[in-house]
Amino acid sequence: MEKKNFLCTGCQKKYPLDRTFPRCDDCFEPLEVEITQGEISKKRNYISNNYTLNQNILDRYASFYPLSRINHKLSLREGFTPLIPTNQLSSILDLDNLYLKNETVNPTWSFKDRGTFVCLQHAKNLGYTRIGTVSSGNMAVSVAAYGARANMQTFILVSSDMPLEKIQPILIYNPVLIKVKGDYGQLYYESLKIGQETGIYFLNSDVPFRVEGSKSISFEICEQLGYDVPEYVVIPTSSGGNSRGIIKGFLEFYQQGLINRLPRIICVQLEGCAPIYQAWKNKDEKISPVQEPKAIDHAIANPYPPSGNELLRKLRMYDGMVTTVSDNEALESQVLLAKEGIFAQPAAAVSIAAIKKLRANGIIDKKNKCVAIITGSGLKYSGILNKHSFGSETCTLKTMKEKIVSILEK
Ligand SMILES: *Cc1c(COP(=O)(O)O)cnc(C)c1O
Ligand SMILES: [Zn+2]
């Protein structure tokens, strides 16, 4: 493989791939790995044979990853998630070809595992023995799990007001968990700086090799659809890292001639915290921080997304768009997804809420092929279920038959 660099997404300045600070010294925009010219045989479609049985994403797509070495033992078999055609949702949303990319089945139940696995390789190759992250949820769980698997000391920084319900699924993996008082947005940048000084590789939300991990979502979608690119790919968006990766994945396959066009990317935010949408709507080049974010699910509520500016640039370049949905629409979509047997967290269900909205106002056509990225499972966040009002029935053993019969007669 030809030697690759990091490229600044803002000013195109090049940096060597052994750099750990993920942003540009000049303009402070995020870095990315240069476009990679990998190859893959179209014949080896893993749906039609058992190709994935002993593979991980860095086996299958190795040529698209400029990593000097790959330690396959660190894999927990992340990725290769199902792309599920919808049944009931198709008729409810009046959409012929709706697919769910079910990221809830990853080792720690969110897409974050892809980026953690790939990023961990970069950290290992650079000789790091310690890793860390700043997160309020899925990424903390993912990094703690992979850190444990790799037997590396793992630092998880969370904000001091984080409830126990969210901390326990992190603590099970026994990381060093530090609750930090102070501005949460600042924590992202401070951790990178302190990581540099203390020899901890912080695998934060949009660092270049985490973005590289998200590329594999697009690679899989292309393979799973037989290289027939969908019209729309809909992504719940917070820091912007995942969306950047998904866009890059399609671009790399496109540049290799594996697909003949790019899908339109639709990024979705919650109304109560939508900095990327605001800048999009106002035609601003730069995002502004949301002052008082109010959103039902913190997983897509970053008030000042570190990849916001870059995502805006990419969406404008490749004809993407940004939209918002309300907390209630997110909750409603959580229930809609359950109709297909998938238990997603509200943040992950916003892609369905957005499709519903864009279908209703005619932007998405009935015939359009759409892929909704279902980014994470609802299991870790059972507290949110209190917002729903589910019903149930009660009876005694004696009255059970009577009860069932009365329901059958309804
Ligand atoms: C992290 C996360 C997101 C947002 O991804 P970004 O890369 O921060 O834009 C969306 N949904 C879920 C479930 C997540 O865990
Ligand atoms: Zn720059």
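View 1. C8, in contrast, counts as buried, at 1% relative accessibility.

**View 2. The zinc ion (ligand 2) sits in a tetrahedral site.** The SG atoms of C8, C11, C24 and C27 coordinate the zinc ion (ligand 2) at 2.3 Å, where donors are N, O and S atoms within 2.8 Å of the metal (3.2 Å for Na, K and Ca). The angles among the four donor atoms run from 92 to 122°, and four donors count as tetrahedral if all angles lie between 85 and 135 degrees. Along the sequence, the donor residues follow the spacing C-x2-C-x12-C-x2-C.

**View 3. The largest pocket has a volume of about 1,200 Å³.** Of its 50 lining residues, S136, Y184, H298, A301 and N302 are the closest to the centre; a pocket is an open set of points on a 1 Å grid where a 1.4 Å probe fits, with protein on both sides within 12 Å along at least five of seven lines, and lining residues have an atom within 4 Å of a point. Helix α6 (184-198) is among those that supply at least two lining residues, and α6 gives the most, with five; helices are DSSP runs (H or I) of at least four residues.

**Notes.** Residues are numbered from 1 along each chain as its sequence is written, while chains are lettered from A and ligands numbered from 1 in the order in which they are written. For this predicted model, local features need pLDDT of at least 70, side-chain atom pairs count only at pLDDT 80 or more, and totals for chains, interfaces and linings use all residues, while side-chain values use heavy atoms, without hydrogens and water.

Key
Tetrahedral: all angles 85-135°; square planar, octahedral: opposite > 155°, others 65-115°. Buried < 20%, exposed > 50% of the residue type's maximum accessible area, 1.4 Å probe, protein only. Points joined across faces, edges and corners; volume = space filled by probe spheres on them.
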